[in-house]
Amino acid sequence: MAYIEVDTDVVVVGAGHAGCEAALACARLGLLTTIFTVSVDSIALMPCNPNIGGSSKGHLVREIDALGGEMGKVIDKTFIQSKMLNRSKGPAVHSLRAQADKAEYSRVMRRVLEHTDNLWIVQAEVAEILAKDQKVTGVRLCSGAIYHAKAVILCTGTYLKARCIYGDVSTYTGPNGLQAANHLSDSLRALGIELYRFKTGTPARIDKRSIDFSKMEEQFGDRRVVPFSFTTDPESVQIPQVSCWLTYTNEKTHEIIRANLSRSPLYSGDIEGTGPRYCPSIEDKVVSFSDKNRHQVFLEPEGLYTNEMYVGGMSSSLPEDVQHEMYRTVPGLEHAQIVRNAYAIEYDCINPQQLSATLEFKAVSGLFSGGQFNGSSGYEEAAAQGLVAGINAARKVLKKEQIVIDRSKGYIGVLIDDLVTKENKEPYRMMTSRSEYRLLLRQDNADQRLTPIGYEVGLISKERYERLQEKIQLIQTEKERLEHTMVGASSKIQELLKKYQSAELKTAASLAEILRRPEMRYEYLSPIDKERPVLSEEVIEQVEIDIKYDGYIKRQLKQVEQFRKLESKKIPENIDYDKIPSLRLEAVQKLKLCKPISIGQASRISGVSPADISVLLVYLEG
Amino acid sequence: MLRSDTIAAVATSMNASGIGIIRISGTESISIVEKIFCPAKKQKKLTEQKSYTIHYGTIVEDGEVLDEVIVLLMRGPHSYTAEDTVEIDCHGGVYVMHQILNLVIKKGARVAEPGEFTKRAFLNGRIDLSQAEAVIDVISSQNTYALKSSIQQLKGSVQRLIKSIREKVLYEIAYIESALDDPEHISLEGYPESLHKKIKELLQEIERLLKESEQGKILREGIRTAIIGKPNAGKSSLLNALLGEERAIVTEIAGTTRDTLEEQIRLRGLTLQMIDTAGIRKTGDKIEQIGVERAKQMMEEADLILYVIDASSALDENDKEIMPLLKEKRVIVLLNKTDLQERITAEEVQRFLEKPVIRISAKEEKGLSELADKIEQMFLTGGLSWNDEVYLTNLRQKTAMEEAKASLQKVEESILLGMSEDFYSIDLMDAYEALGRIIGESVGEDLVNEIFEKFCMGK
């Protein structure tokens, strides 16, 4: 059979959120890049929830942006509602979440891809990874065509051997009825790659004409919207917003679910894949939390040009008739017209412990992967990995040193380290509690943490980098000024303090000391701060956070120092764990599988105890 | 590589009993003993003997018999250290034991560092970290009470108590974190108040544990006791009188380690560790003035102060200077020389210093059992029953517990300051981690698991 042969530098398999970031990074770094998708119309598709960001995920989007990725810019152009979550809490847990116009998001991202030099979109299914001596050489398509490449990035999302299920209906398709990728799994196994089978699910979509919103609570966006991207003009995102709506399930809903549990493929055993605990189906919630007599349900618009509303909180794989009955018990949904049924989806993904922190397969040189294929979940987690895989694939081809963002540098680092180090038995989702240094890894300082890396890599312009340096300088100068500006216990100051219910001064104090009081704010101090320079909102925010939380920040910096010490204790690549006396068998197995590069990484492997680490330390020092 | 050279040490304390065990562990242990051991009956070489066999004979150096001994053979991995181990039971007294140990060293072993047998047992996977620490305490426990507690720890009662505190801390972190992660589903309204209550309870539990561990330390290391008083009050005769009861045993030690052992007085199962008694003792005939500064310094270190007053002469400036310093201390006032004409009454003393007063005569050894009663009452009551209660047995555990306490106090502070909830969980996590260090557990995926198990997340 005749087939075409094409030479390219990098092949990206899949054009979801991971694939788009990976391909953009490679192309922008000057490499000839081909991105494959089973459907050009499904580029950057959002097959589940219609939003970007959220607790800790908002951090990821900001970090992607700080490194020179695209997600933040696209959502800033396509959002229809935006909220800063946890605004009443500390700055470390503030997180942006925006409702997206799904179709618009997809179109805008596609336009970005199409306008990027060196980047070519091809609609085709990749059937085989070509490798020689465990070194990747390209891919073969279902058509037989061969693309020779120096690096391949797998971003297949939920498409590998995908199966969608509700009740006893199951179809072998990817999300939204899109074509599944059925050939690649075997090729991966042939390369010695271990596959898992994971599962996730999505709720029904309901036509908004059939919803009685008067029975629901309206959920508005923020009055003043904060953009995701550090490059977006804040004024450009002050647009009219669309509301979401809150309602609740009730005992009637739960009765119907309980009565039909045996017909759920999750409980009948028809679904084998492991589902995520953080977004349980409504049937899971009813079973696991039987003491709760109601669960929240959020109705979220899927976009401006469609009537479809996403029913957040009620994903399910119950049969169609049960779904109809169940949704209609919810106040406001009594006459619900379902546009798309809820369904569960099963798919092949990898055990990510086979990857190194650069997202390259340890066993196959030049083969990288990112996104849901790596056992994660969520658009943001996918995009973050796609970006890192793209950067490293490009640097590999360019013969430059690989980039690893460590746990003290970003949520991206936490995400990837968790994936490649810890045992991952369900789709992995980012959470702020997974980050041990979260006071340092705030969404508001992502640029200070990561833009220098983006600049070094080549995804951040010189102009943007210099702007950041200026900002850092302004923050530093203002912090020093506040630390050194002393005010006496004058009546004017006491009055001001009284106004904000703050204790009176007994002796002179610096403005920084006063600002450290939990009840005080930077702006409150302006009447007693004569020499205050004019500063931008973003500079003031940094100054205020740095000063107010100085104690906590210093503590975490100290912990980071400790962390770096253990990270720098490298474990030689040729270490033979079998030969180390007194390491427990379980630890030996886990260490052999994960091949940690440092004592620090080894200590994070589940199943490796502190005693094992002591033994390892003794062995390495001996 | 792990040090696998052969180590040796006296495994029992070098005390008067004269019967002791020298333990040798490591690959060379059996062959080293073979070179110095002469079996009573003609038999196979020691190196060819089976594990768990006992051999009777003598230890010989240059043809000279040092001692009659019993030799126990244990081959690894079925020994305490999981290495080849030999134990020499000898009964020739402290001096001979030293000689035999020196001989073993000469033949190729090296002196074990303190706790090294246990460390090897640990590194060879025989015991876990907290067991290892308890064993070290067993080795060094100096009296029956301490021994009981160390063994109890092996059974895991410390773990159980700390685990339960730890679980409570984790639950609160998980609650906060799930609310931060899913603010639209889980609310933190009114939470700081309820957390404050719980933190107070946890702090109480920790305080209790720390207090008991303090008592535990006293039992293990002895009650650090200072005798203070004016010249001629009778401090040294009191010491002599207290030593008297144990003297029969003490003297058998034959001067080898006299100076240190003399500072310990056993009293009904408790050990009094005398602070700086050498100075006091030396002054047996030539008594110097003990200045206020010196008394202060001694009191800093002491768990118990025995304040000796000469009852036969009136209180003077010196006493009145010392007494205010004793207010916050654990003090027993001893009115000594009651065999002479008494010029001071207990009531008189108590007007200046509200502490228990006991009338004694060190010279006639009177009042000593009342003193013993009092000390026992001070250190052994308070609902502490040694069979059931648990305490932290070493400094590492105690420090970690103190850290947990400090972290929980920070949470309390943050609540009072009105800080936002995400700050609580930083300190709660520190507490959780510190508690984990005591029982050798790391944080791992605990939090994430707890969040999913206990709280219904949205989407």
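Colleague: Which strand of chain A is joined by 4 bridges to strand β2 (residues 10–13) of chain A, and in which sense do the two run?

Modeller: Two strands pair if DSSP finds at least two bridges between them, and both strands (E, at least two residues) and helices (H or I, at least four) are DSSP runs numbered from the N terminus. Here the partner of β2 is strand β11 (residues 151–154) of chain A, and the two run parallel; within this pairing, Val11(A) has Val152(A) as its bridge partner in β11(A). This is a predicted model, in which local features need pLDDT of at least 70 and side-chain atom pairs 80 or more, while totals for chains, interfaces and linings use all residues, and side-chain values use heavy atoms, without hydrogens and water. Residues are numbered from 1 along each chain as its sequence is written, and chains are lettered from A and ligands numbered from 1 in the order in which they are written.

Colleague: What is the strand order of the open sheet of 5 strands in chain A?

Modeller: The order is β7-β3-β2-β11-β21, with parallel pairing. The edges are taken by β7 (119–123) and β21 (367–369) of chain A, which have a single partner strand each, so one side of each is left without a neighbour in the sheet. Neighbouring strands are turned by 20° against each other on average, direction ignored. Helix α1(A) lies across β2, β3, β7 and β11 of chain A, with contact meaning heavy atoms within 4.5 Å, and α1(A) runs at about 165° to β3(A); such angles run from 0 to 180 degrees between N-to-C directions, along lines fitted to C-alpha atoms, for helices over the stretch in contact.

Colleague: Which residues are closest to the centre of the largest cavity?

Modeller: On a 1 Å grid over the protein atoms alone, a cavity is a set of points where a 1.4 Å probe fits but cannot get out, and lining residues have an atom within 4 Å of a point. The whole structure holds 5 cavities of 30 Å³ or more, and the volume of the largest is about 690 Å³. Its lining has 43 residues, with Pro47(A), Gly157(A), Thr158(A), Tyr159(A) and Gln372(A) closest to the centre. Among the elements that each supply at least two lining residues are α1 (17–28), β14 (195–207) and α10 (379–397) of chain A.

Colleague: Where are Pro77(B) and Asn86(A) found?

Modeller: Most residues other than glycine have a negative phi, and most peptide bonds are trans. The bond from Gly76(B) to Pro77(B) is cis, with omega near 0°, and Pro77(B) is found in the loop between β5 (64–74) and β6 (85–90) of chain B. Asn86(A) has a positive phi of about 60° and is found in the loop between β5 (79–85) and β6 (95–100) of chain A.

Colleague: Where in chain B is confidence lowest, and where highest?

Modeller: Confidence in each residue is given as pLDDT, from 0 to 100. Chain B has a mean pLDDT of 75; the lowest confidence is in its helix α9 (residues 258–261), at a mean of 32, and the highest in its helix α1 (residues 29–36), at 93. Over residues 139–152 of chain B the pLDDT is below 50, although this stretch has 35 contacts in the model beyond near neighbours in sequence. Where pLDDT is low, the predicted coordinates should not be read in detail.

How values were computed
pLDDT is the predictor's confidence in each residue, from 0 to 100. On a 1 Å grid over the protein atoms alone, a cavity is a set of points where a 1.4 Å probe fits but cannot get out, and a pocket is an open set with protein on both sides within 12 Å along at least five of seven lines; lining residues have an atom within 4 Å of a point. Grid points are joined across faces, edges and corners, and a volume is the space filled by probe spheres set on the points.
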